[in-house]
Amino acid sequence: MVDTLARGMNAIELRDVFKRFGEITAVDGLDLTVPEGICLGLLGPNGAGKSTTMRLLTGQAIPDAGELTVLGHELPRDAKAARAEMGVVPQLDNLDVDVTVQDNLAVFARLYRIKDVAGAVDRALDIARLRERRTAAVDDLSGGMRRRLLLARGLVHDPRLLLLDEPTVGLDPQIRTQLWTLIGELRARGKTILMSTHYIEEAQRLADEVAVMTKGKIIARGKPAELIEQCAGRETAEVYAAPERLAEVRAAAEAEGLRVRPAGPAIAIVGAERARNGIVPEEAVRRAASLEDVFVLLTGEEAE
Amino acid sequence: MKVRRLDPAAIGGIMSREIANFRTFWKGTTFSSVLEPVVYLFAFGVGLGATIVDRVDGLEYVQFVGTGMVATAVIFSSALPAMFGTFVKHHFQRTYDAILAAPVDVEELVTAEMLFIGLRAGFYGCFPLLVTMAFGLEPAWGMLLVPIFCFVTALAFAAFGIAVAASAEKIDQFNYVTTLLITPLFLLAGTFFPIDQLPQGAQAAANLNPLHHLVELVRHASFGLELLDLARFGLLLVLGLALWRLAVKRMTLRLID
């Protein structure tokens, strides 16, 4: 992992950006920088403003206020030039299903003004490990293959910056792991990646840094380990008991100044290493604090 | 990348997508484009022509209908695919989200969609003319202009269809457009009967109908062009340009938040 400070320019800079849809403020004074060469995980619950942020970065949404710069291009004025240098992998599958795998890629190679279309298609097929299915119609691919093809389409022009909008949402664990491997390889090659996700594990595994977004703004940012240390301490204790007992434990912990969050049928006492004897029941399950603890504490939402 | 307005590379890229998709369904389109005029010519030209109507405006009825049906083919292969195709690509397939994430803008997107539909309708619009030849229509040099007339008219109707799709919230709303606008345009174009025998009001309405001007252009290309045809062609061009700008505006409002 490369140290942020040692890097050069920012690939993405958003300053005090607002985007409203009628009464709803989707992006609310957002400040965000993404240095070149890192993978930043934009972690937030549904409706946090992640997808709107992605659309602002491609010029498909125009901010009501604020400044946006992507790869040195001011948006929305120079959005087309910025898009030429970035690849986008959407949340929803929007491939041409009746068309072959290679034709799907070739169309986008042309849209990105690649001269050697065949070469670009071959490279993208290799990245997605779809060379053997190049003449298959997209409709005949498995769900995992289609996702890999979407990723390959976003990479067909070898972009400097890759925007991944919820890249594994709705996928089964096996396909998700395949995608993570591919994204991990891109990250290792030094691509700048901004990845929106509401999966904690995805952010923890892939991101150099995580920015927690809720209600249209960033409320915390840092390397996963730093965020955990700052927001959740070292240890979390999960208590499983009857509701009455949980209420008692919660009250005692909160009286000690500890933060308690729901964890399914249990409660989780965050920063349990700071608790005085007797506050955390002996039957509690102690574990290392996680990004999930941070996420739930900061956003108030249950994690996925 | 050098950024320029209406970049041919962007337009070509989008059209290459249309071609890739069209390759998967061209057989069905071609089949119906050939068979439809054959059915119409048998029903109206041969059936009606042999029993009720013999000649219209000095032409055999089958030739009158056959040349007029070019306009029918054009409106149905431009306005309807533009309406339904644009709506489906935007709302269901999310194709435009993918394209606009590449260095392409809405103006290029609309222009490319119009051009592809225009070329396709320009090609398939000629089929009724070719079929009518099998029913006795003599080839004429002027007919070489028919694909151009069809192309320009189809551009206008494609732009109209895109603008409608960009303005509609639900696909059901197209029923109003087809019933209230496209069907009357199709019936009042002078395809099946000459409009100069209609009441004054209907004649005035028909003269505002771009499809009527296409019918006239195709008939005149087959049997002798007039100076007025230049004005008719100019009118179709101006209409196409105006609807192009409208389609770009409506699609920008639809696609860019």
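Select Glu107(B) first. Leaving aside neighbours within four places in sequence, Glu107(B) is in contact (heavy atoms within 4.5 Å) with Arg5(B), Leu6(B), Trp244(B), Arg245(B) and Val248(B). This is a predicted model: local features need pLDDT of at least 70, side-chain atom pairs count only at pLDDT 80 or more, and totals for chains, interfaces and linings use all residues. Residues are numbered from 1 along each chain as its sequence is written, chains are lettered from A and ligands numbered from 1 in the order in which they are written, and side-chain values use heavy atoms, with hydrogens and water left out.

Stay on Glu107(B). The residue sits in helix H6 of chain B, residues 106-124. Helices (H or I, at least four residues) and strands (E, at least two) are DSSP runs, numbered from the N terminus. Glu107(B) is buried, at 8% relative accessible area; buried means under 20%, exposed over 50%, partly exposed in between (1.4 Å probe, protein chains only). Now show Arg5(B). Its side chain makes a polar contact of 2.4 Å with that of Glu107(B). A polar contact is a pair of N or O atoms within 3.5 Å; within protein, one must be able to donate a hydrogen and the other to accept it, and residues adjacent in sequence count only if both atoms are side-chain atoms.

Move to chain A and its open sheet. Four strands run in the order E2-E1-E4-E5, with antiparallel pairing; two strands pair if DSSP finds at least two bridges between them. At the edges, E2 (24-35) and E5 (73-75) of chain A each pair on one side only. Select E1 (residues 10-21) and E4 (residues 65-70) of chain A: five bridges join these antiparallel strands. One to pick out is Ile12(A), whose bridge partner in E4(A) is Val70(A).

Next, the interface. Select the 27 residues of chain A in contact with 31 residues of chain B. About 2,400 Å² is buried between the two chains, 57% of it from carbon and sulfur atoms. Buried area is the accessible area (1.4 Å probe) that two parts lose on being put together, summed over both. In chain A, Gln60(A), Lys80(A) and Arg113(A) lose the most area to chain B, together 27% of what that side buries.

Finish with the charged pairs. The rule finds seven salt bridges across the interface of chains A and B, each a side-chain nitrogen of Lys or Arg within 4 Å of a carboxyl oxygen of Asp or Glu. Zoom in on Arg17(B) and Asp96(A): their side chains meet in a salt bridge at 2.6 Å, N to O.
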